[in-house]
Amino acid sequence: MHILLLALLFLALLGHVVLAVALINRAHATPISTRVGKLVWLSMFILVPSVPLFFAYWFRGRALHLGQEAGHFSIPPAALPYLATCWLAALVAASDWFLRKFRSPPDSLRSDRRRVFRLLRHPSPACKEDHLHHFLVHLPGNQTLDLEVVERSLSLPNLPAALDRFRVLHLSDLHFTGLVGKGYFQEVVRICNDLDPHLVALTGDLVDNETCIPWLPEILGELKSRHGCYFVLGNHDVHAGPQTQRETLEGAGLVDLGSRWLEVPLGEERIVLAGNELPWFPPAADLSSAPPPSCEGGPVRIALSHSPDQFLWAQRNGVDLMLAGHLHGGQIRLPLIGPIVSPSRHGVRYAAGVFQADSTVMHVSRGVSGEIPLRWNCGPEVGLLTLRALSPGVGHEPEGGN
């Protein structure tokens, strides 16, 4: 009986933590202010330990009766509704973890190759000033400077043969705060340019600290691609001079896709690029006036969205490929469990990777940096996506790389 009680209490504790994390994740998927967001975090830090402590006191001192001879126990009736909610939350979380853990790669993912670059941990004196980082960056095991270049080959059902092997560089969540030195981001851009992309897409959260806005032309203005660099903003950009950011980036040659769509010629073909900055900068691009979607013979549609929560919007609007970020892959991934904190209506379901629903493919980046420079078991990444046209009899390419 003691073992059963302990198992039930442990399950309730797990569910209690699940509910707290779910509230944090879903609250930060809405356009709440920074102050309210911090209050949510503070409330959860207080409630997560205080509720179990209260129950422990109640059980021990008043309401929990254990009898080795009688072999029974009782739980206060007032606690049962919350305990039942916690048990249910724990079971749902366990089921969700199981489904994610054993989810098969989507059919659109044909290859996945990775390389890690450990960027200038010990710079030369000539460039040391640009590589002054916050002390957190240097904590043992912190992967903040371990950039992973992820090269993925994605099949799009309606991609024309003329665009086969078209390369899109996906960058997200740079979070210019000053806590990670400018030199790190300059090295990231140098690596990106070596990949020789046809098009560059930046999916928001570029600047946290307005004093870093001058970094935009110095760093992102150096990005090279054959058909342009396009961007949308994210929730952290809201409080860091978004209009100044847009003007600075456009002055550096990048194209603002916020709330609009563009038709881009690519030789004999063309694509439609669309921006979605919801829920922070409404509205999303109105594609009703765009050329018909690819499934109706129109050009391929590629959407840039900061949040993967807009995946359903992409499906409804005939988007072939949606690029998103925002969730940082969880930023800290626990062994076996995986990501925990993920500011999304869907929790950690879309934390990072490739997802597919019908003919819409979504790529979610882990991001290049973060507001707090801490990463464990979840390093930063840039993604080079090679788009492939479907052809009969073509299967998955072998995985490789480092």
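I332 sits in the loop that links β10 (321-324) to β11 (333-334). In this predicted model, I332 is partly exposed, with a relative accessible area of 33%. I332 also belongs to a nonpolar surface patch of about 430 Å², which it makes together with L334, L336, I337 and W376. The points below turn from this patch to the whole chain, its cores and some of its strands.

**The chain as a whole**

- The protein chain contains 7 helices and 16 strands.
- The chain has 402 residues, and 50% of them count as buried.
- The accessible surface of the chain is about 18,800 Å². Carbon and sulfur atoms account for 60% of that surface.
- Among contacts with a separation of 6 or more, 76% are between residues 24 or more positions apart.

**Nonpolar cores**

- In soluble globular proteins, nonpolar side chains tend to be buried together.
- The largest nonpolar core in this model has 39 residues. L171, L202 and L220 have the most contacts inside this core.
- Several elements give two or more residues to this core: the strands β2 (146-156), β3 (166-171), β4 (199-203), β5 (229-232) and β15 (381-389), and the helices α4 (182-194) and α5 (215-219).
- Helix α4 gives the most to this core, with 6 residues.
- Another core, of 26 residues, lies apart from the largest one, and its members include L159, L257, I271 and L387.
- Which residues does L171 touch, not counting those up to four places away in sequence? They are V188, C192, V200, A201, L202, T203, L223, V368 and V382.

- Strand β5 is covered on both faces. C229 and F231 are buried on one side, and Y230 and V232 are buried on the other.
- β5 pairs with β4 in the parallel sense over 4 bridges. Within this pair of strands, T203 has V232 of β5 as its bridge partner.
- β5 also pairs in the parallel sense with strand β6 (residues 255-256), over 2 bridges. Here Y230 stands opposite V255 in β6.

**Strands β13 and β14**

- Strand β13 (residues 353-357) is largely enclosed by the rest of the structure, because 4 of its 5 residues are buried.
- β13 runs antiparallel to strand β14 (residues 360-364), and 5 bridges join the two. F355 stands opposite M362 in β14.
- The hairpin of β13 and β14 has 2 residues between the strands. In this hairpin, D358 takes a positive phi near 55°.

**A389 in strand β15**

- A389 is found in strand β15. Is A389 buried or exposed? A389 has a relative accessible area of 11%, so it falls under the 20% limit and counts as buried.
- Leaving aside neighbours within four places in sequence, A389 is in contact with R110, L156, L159, P160, A161 and D164.
- A389 and F166 are 223 residues apart along the chain, and their C-alpha atoms are separated by 9.6 Å.

Definitions and conventions
Residues are numbered from 1 along each chain as its sequence is written. This is a predicted model: local features need pLDDT of at least 70, side-chain atom pairs count only at pLDDT 80 or more; totals for chains, interfaces and linings use all residues. Side-chain values use heavy atoms; hydrogens and water are left out. A nonpolar core is a set of buried Ala, Val, Leu, Ile, Met, Phe, Trp, Tyr and Cys residues joined through side-chain atoms within 4.5 Å. Buried means under 20% relative accessible area, exposed over 50%, partly exposed in between (1.4 Å probe, protein chains only). Contact means heavy atoms within 4.5 Å. Patches are made of residues with over 30% relative accessible area and no salt bridge: like charges are joined within 9 Å, nonpolar side chains (Val, Leu, Ile, Met, Phe, Trp, Tyr) within 5 Å. Accessible areas come from the Shrake-Rupley method with a 1.4 Å probe; for residues, only the protein chains shown count as cover. A salt bridge is a side-chain nitrogen of Lys or Arg within 4 Å of a carboxyl oxygen of Asp or Glu. Two strands pair if DSSP finds at least two bridges between them.
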